[in-house]
Amino acid sequence: MGFSCGIVGLPNVGKSTLFNALLAAEIANVQNYPFCTIEPNRGRIAVPSLAFDSLVECIEPDKAIPNFIEIVDIAGLVKGASKGEGLGNKFLAHIREVDAILHLVRCFASAKVLHVEQQADALRDAEILETELLLADISRLEPLLASQAKRARGATSRSLKREQALLELVNATLNEGRSARSLITKGAIDEEDYDFFKNLGLLSAKPMLYVCNIGEGGESEVAFVQAMEKKAAKEGAKLIRLSAIVEAELVGLTREERASLLADPDQPSGLECAAKTLFELLDLLPFFTAGKQEVRAWTLKRGQTAYDAAGKIHSDFQRGFIRAETIDHKTLLNYKSFEAAREVGKVRQEGKDYIVAENDVLLFRFNV
């Protein structure tokens with residue numbers, strides 16, 4: 001199961017610089033003019049995990065494979081993108097493919113870096129982009145509302161009437177200038193309606209992480225960040241701060257070299273914070289398989305079972321599922337191996353319906 005996140009923002013806010021830092025490679029074309037990115041750049045980044053790192057250090061396997069999230073660097077959107085301005089329709093289609101949105105907002109003023117709106121204003125810039133997402137969603141709903149109204153007219157089906165009512169609720173929300181995501185935040189989408197809501201494919205329904213791209217400080221920068229923090233708090237959204245330039249400089253540095261740039265060289269970088277936050281935003285959790293040949297991190301949605309976990313690894317594991325030998329990673333670290341932990345009764349035998357916990361280490365028994 002792969003998960004993807006799209007980096008979006010106005011032109012020249014630092015998306016490609018951040019993408020390069022994420023991938024530790026200069027594979028995006030960083031230039032100081034709008035629309036230098038036309039086709040989206042794609043790559044995977046590892047999701048930082050202290051639990052995974054500690055298992056690798058303890059077991060010293062031949063191979064170690066962390067969790068990954070695919071990152072898509074989508075070209076800058078401009079005012080009018082929902083009507084095709086700045087190749088907007090093409091770029092909006094790229095956003096529709098991702099699971100979550102990393103909204104990079106420029107929170108620094110610089111005469112050296114062009115701004116598509118002439119000068120920086122973080123809150124205005126964020127609202128320009130989000131307005132385009134709302135307008136694109138409204139356009140997408142119009143034909144759906146018309147066709148659903150015809151189907152629901154005179155129908156006795158309870159599900160059709162619920163769908164019609166949900167479409168009208170979403171449409172009213174969008175026209176009030178609020179995202180479809182806000183309905184989830186406020187608990188306005190019932191569980192039985194969630195699949196229908198999700199399948200509408202609305203851009204503004206996607207989980208969003210605000211990332212304030214900061215510079216060298218100053219009053220305007222502080223004001224920009226504070227305005228974004230208020231916006232995120234009002235929406236119940238997550239927000240982090242980082243400097244795309246600094247993150248690019250940190251790539252590949254030793255601990256000693258990092259110490260010259262950071263007060264604490266062991267503190268997580270902004271990129272590590274972003275990756276972990278995105279993982280949480282998508283409501284994912286890691287579980288592990290661990291042995292001398294390989295320590296590997298796997299991904300589940302919260303609430304999924306050992307049976308689901310078996311299917312992530314191999315269809316035969318799921319088809320012939322017998323049980324999942326289970327131990328939390330901290331206990332495994334204490335005993336160094338599954339075998340040693342099993343001897344003292346620390347390994348649990350779990351069935352198909354066991355809800356996998358974060359950082360569980362699983363060994364599947366199966367027969368096909």
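**Strand pairing, helix packing and the main pocket**

Strands β10 (residues 321-328) and β12 (residues 360-366) run antiparallel and are joined by seven bridges. The model described here is predicted. Within this pairing, Phe321 stands opposite Phe366 of β12. Strand β10 is also joined to β11 (residues 348-350), through three bridges. That pairing is antiparallel as well. Here Glu325 has Gln349 of β11 as its bridge partner.

Six strands take part, in the order β2-β4-β1-β5-β6-β7. The pairing within this sheet is mixed. Strands β2 (41-46) and β7 (238-242) stand at the edges. Each has a single partner strand, so one side of each is left without a neighbour in the sheet. On average, neighbouring strands of this sheet are turned by 25° against each other, direction ignored. In a regular strand, side chains alternate between the two faces of the sheet.

Tyr210 has Leu239 of β7 as its bridge partner.

Helices lie across this sheet. Helix α8 (residues 219-235) lies across β5 (100-106), β6 and β7. Its direction is at about 170° to β6. Helix α11 (residues 270-281) lies across β1 (4-8), β2, β4 (68-73), β5, β6 and β7. The angle between α11 and β7 is about 165°.

Glu247 belongs to helix α9 (residues 244-250). This residue counts as buried because its relative accessibility is 7%, below the 20% cut-off. A polar atom of the Glu247 side chain lies 3.0 Å from the backbone nitrogen of Gly270. Gly270 falls within the range of helix α11, residues 270-281. Beyond four places in sequence, Glu247 touches Ala21, Leu242, Ser269, Gly270 and Leu271. Of these contacts, Leu242 falls within the range of β7, 238-242.

Most residues other than glycine have a negative phi. Glu60 has a positive phi, near 55°, and is not a glycine. Glu60 sits in the loop between α2 (50-59) and β3 (63-65). Its relative accessible area is 57%, so Glu60 is exposed. Asp283 also has a positive phi, of about 60°, and is not a glycine either. This residue is found in the loop between α11 and β8 (284-290). Asp283 is partly exposed, because its relative accessible area is 37% and thus lies between the 20% and 50% limits.

The analysis also located pockets. The largest pocket has a volume of about 1,300 Å³. Its lining comprises 41 residues. Nearest the centre of this pocket lie Arg181, Ser182, Ser204, Ala205 and Lys206. Several helices contribute to the lining. At least two residues come from each of α4 (122-152), α6 (181-185), α7 (194-198), α8 and α11. Helix α4 supplies the largest share, six residues.

How values were computed: Residues numbered from 1 in each chain as written. Predicted model: local features only at pLDDT ≥ 70, side-chain atom pairs only at ≥ 80, totals over all residues. Heavy atoms only, no water. Helix = DSSP H or I, 4+ residues; strand = E, 2+ residues; numbered from the N terminus. Buried < 20%, exposed > 50% of the residue type's maximum accessible area, 1.4 Å probe, protein only. Polar contact = N/O pair within 3.5 Å; in protein donor to acceptor, adjacent residues only side chain to side chain. Contact = heavy atoms within 4.5 Å. Pairing = 2+ DSSP bridges. Axes fitted to C-alpha atoms, helices over the stretch in contact; angles between N-to-C directions. 1 Å grid on protein atoms, 1.4 Å probe; cavity = no way out; pocket = protein on both sides within 12 Å on 5 of 7 lines; lining within 4 Å. Points joined across faces, edges and corners; volume = space filled by probe spheres on them.
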